[in-house]
Amino acid sequence: MSKDRVRPSKAASEDLDVAAGLQFFDGLKTDKVALASLGCILKRDVCSTCGSSRKFFCYDCRKLVGLRPGIDVPRLDLPFRIDIIKHPNERNSKSTAIHAKLLAGDHVSVFEHPDIPSYTSDTLLVFPGPSAARIEDVNFATISNVVFVDSTWFQCASIMSDERLSSLKTVKISAEKTMFWRPQLGKPDTCLATIEAIYYFLREYATARECLNNTYDGRYDNMLFWFEHQYKLIHSR
């Protein structure tokens, strides 16, 4: 007599997801020495700009806080400028957009909608849609600025209705599974956190335009430095 199939419990499924996430991050070429050194920081410190108590960085002032001498957080050079358009209801404390500013501050700007620039034809908007091009089909010789939207999927319609953005050429990244610990209810697991979208965009760009034999070499993995740190911290509790 055949046995009934036993469906895995939700807890078991979540454990498998966490294990897969840890394996993914362990395989990245993020600065593991710097990540490990963050464990030496046990106390919060005061942000010198706003006076708030913070650990590692101030998400309001977008600056590092309380890092000891010898802890060298990676810095990235990017092939173009990145603008992040943040929904006003998106809380700084929960947004991953700050990670990009901390890691590539010379190339990244964060704006809160509706106070955003007016863009020209040298700008791409990363957003899925029927007319969005694939990254490998874009002529990046004419592109100097790439825009990302930082909001929930339920909030993004109000930002995308802004003609300063809706008139831009759009590009999409390939479907990837999010590792974000706060997934959006009712949305598939391919809805990425902002920093994940930036990372996967850069990875696809590098694979198509920069890397030998179109084989990605990890050059932008440190864009997930703070994301990896937070993921491992949350799942070690």
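Which residue stands opposite Val147 in S9? In the predicted model described here, that residue is Leu125. Strand S9 comprises residues 145–150, where strands (E, at least two residues) and helices (H or I, at least four residues) are DSSP runs numbered from the N terminus.

Residues are numbered from 1 along each chain as its sequence is written, and side-chain values use heavy atoms, with hydrogens and water left out. Because the model is predicted, local features need pLDDT of at least 70 and side-chain atom pairs count only at pLDDT 80 or more, whereas totals for chains, interfaces and linings use all residues. The average pLDDT, the predictor's confidence in each residue on a scale from 0 to 100, is 91 for the protein, and 93% of the residues score at least 70. Over residues 1–9, by contrast, pLDDT stays under 50. For this segment the model has zero contacts beyond four places in sequence, a contact being heavy atoms within 4.5 Å. Where pLDDT is low, the predicted coordinates should not be read in detail.

Strand S9 is largely enclosed by the rest of the structure, because six of its six residues are buried. Buried denotes under 20% relative accessible area, exposed over 50%, and partly exposed the range in between (1.4 Å probe, protein chains only). Both faces of S9 are covered: one side carries Asn145, Val147 and Val149, the other Val146, Phe148 and Asp150, and all are buried. Two strands are taken to pair if DSSP finds at least two bridges between them. Strand S5 (residues 81–86) runs parallel to S9 and is joined to it by six bridges, with Arg81 standing opposite Asn145. Strand S7 (residues 123–126) is also parallel to S9, through three bridges.

A nonpolar core is defined as a set of buried Ala, Val, Leu, Ile, Met, Phe, Trp, Tyr and Cys residues joined through side-chain atoms within 4.5 Å. The largest such core has 55 residues, and those with the most contacts inside it are Leu78, Phe140, Ile198, Phe201, Met223, Trp226 and Phe227. Helix H6 (residues 194–209) supplies the largest share of this core, nine residues. Another core, of twelve residues, lies apart from the largest one and includes Ile85, Ile116, Met160 and Leu168. When residues up to four places away in sequence are not counted, Trp226 touches Leu38, Phe56, Phe57, Leu64, Val73, His99, Leu102 and Leu103.

Twelve salt bridges are present in the structure, each being a side-chain nitrogen of Lys or Arg within 4 Å of a carboxyl oxygen of Asp or Glu. Asp60 and Arg54 form one of them, with an N to O distance of 2.9 Å. In this pair Arg54 is buried, with a relative accessible area of 9%, whereas Asp60 is partly exposed at 39%. Asp137 is bridged to Arg134, their closest N and O atoms being 2.9 Å apart. Here Asp137 is partly exposed at 49%, and Arg134 is partly exposed at 44%. The side chains of Glu210 and Arg219 meet at 3.4 Å, N to O, in a further salt bridge; Glu210 is partly exposed at 28%, and Arg219 is partly exposed at 38%.

The structure holds zero disulfides, a disulfide being a pair of cysteine sulfur atoms within 2.5 Å. For Cys61, the nearest cysteine sulfur is that of Cys50, 3.7 Å away. Cys61 is partly exposed, with a relative accessible area of 26%. For Cys191, the nearest cysteine sulfur belongs to Cys156, at 9.1 Å, and Cys191 is buried, with a relative accessible area of 16%.

Backbone geometry was also examined. Most residues other than glycine have a negative phi, and most peptide bonds are trans. The peptide bond from His113 to Pro114 is cis, with omega near 15°, and Pro114 lies in the loop between strand S6 (108–112) and S7. Asn213 has a positive phi of about 60° although it is not a glycine, and the phi of Asn214 is likewise positive, near 55°. Asn213 is exposed, with a relative accessible area of 64%, whereas Asn214 counts as partly exposed at 48%.
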